[in-house]
Amino acid sequence: MEYFFLGETELVIAFRFIGIEGMAVNSSGEAIAAFRKITEGFGDAADIPPSDQSEKVRFPSAGGCHILLITEEVAVWLGDLLIDWQLSGRYPLLVEIPGIAGKMIGRKTLVDTIREAIGIHV
């Protein structure tokens with residue numbers, strides 16, 4: 001099963017230590033271009049706006065990425081594109097994690113949403 005990560009530079013480095021490739025994204029445009037490259041195979045890495053990354057990112061092969069890890073900030077940047085992808089039921093599965101600064105205020109975790117849906121309040 002192949003994983004890929006989109007988020008802050010520090011987290012990209014941390015995930016590389018455990019063998020997960022990733023790409024640092026610093027803007028909405030970079031996040032959208034990288035997301036489309038991973039999920040839909042649009043264009044190639046040259047389509048992604050330039051950033052401070054000095055090395056070429058190894059994107060997963062078409063259909064090769066099964067789990068895409070993204071930070072909450074990247075999820076906000078992706079907006080409706082992210083929601084449409086989640087509703088499609090296709091791979092990769094999307095997993096949101098807090099960014100380097102911690103959990104964003106006002107964002108519910110998956111556990112919070114499930115607890116709310118089934119009526120458990122502790």
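The following paragraphs lead through a predicted model, from its strands to its helices and then to some features of its surface and loops.

Strand β1 covers residues 2–7, β2 covers 22–24, β3 covers 65–71 and β4 covers 93–97. Strand β1 pairs with β3 in the parallel sense, over five bridges. Within this pairing, tyrosine 3 stands opposite isoleucine 67, and phenylalanine 4 has leucine 68 as its bridge partner. Strand β1 also pairs with β2, again in the parallel sense, through three bridges; here leucine 6 is placed opposite methionine 23. Strand β3, in turn, pairs with β4 in the parallel sense over five bridges, and isoleucine 70 of β3 faces glutamate 96 of β4.

What separates glutamate 2 and isoleucine 67 in sequence and in space? In sequence they are 65 residues apart, yet their C-alpha atoms lie 6.6 Å from each other. Glutamate 2 belongs to strand β1. This residue is partly exposed, because its relative accessibility of 22% falls between the limits of 20% for buried and 50% for exposed.

Attention may now turn to helix α2, which runs over residues 28–40. Its 13 residues should span 18 Å at 1.5 Å a residue, and because its end C-alpha atoms are 17 Å apart, the model agrees with this expectation. The buried residues of α2 are Glu30, Ala31, Ala33, Ala34, Phe35, Lys37, Ile38 and Thr39. In an α-helix there are 3.6 residues a turn, so residues three or four places apart point the same way.

Is phenylalanine 17 buried or exposed? It counts as exposed, because its relative accessibility is 74%, over the 50% limit. Together with Ile13 and Ile18, Phe17 makes a nonpolar surface patch of about 380 Å².

Charged side chains also meet in this model. The count of salt bridges comes to one, and it joins the side chains of glutamate 21 and arginine 16, with 3.9 Å from N to O. Both partners are partly exposed: glutamate 21 has a relative accessibility of 25%, and arginine 16 has a relative accessible area of 29%.

A final feature concerns the backbone. Most peptide bonds are trans. Where does the model contain a cis peptide bond? One joins tyrosine 91 and proline 92, with omega at about 10°. Proline 92 is placed in the loop between α4 and β4.

Conventions:
Residues numbered from 1 in each chain as written. Predicted model: local features only at pLDDT ≥ 70, side-chain atom pairs only at ≥ 80, totals over all residues. Heavy atoms only, no water. Patch = residues over 30% accessible without salt bridge, like charges linked within 9 Å, V, L, I, M, F, W, Y side chains within 5 Å. Areas by Shrake-Rupley, 256 points an atom, 1.4 Å probe, with all protein chains shown as cover. Salt bridge = Lys/Arg side-chain N within 4 Å of Asp/Glu carboxyl O. Buried < 20%, exposed > 50% of the residue type's maximum accessible area, 1.4 Å probe, protein only. Helix = DSSP H or I, 4+ residues; strand = E, 2+ residues; numbered from the N terminus. Expected span 1.5 Å × (residues − 1). Contact = heavy atoms within 4.5 Å. Pairing = 2+ DSSP bridges.
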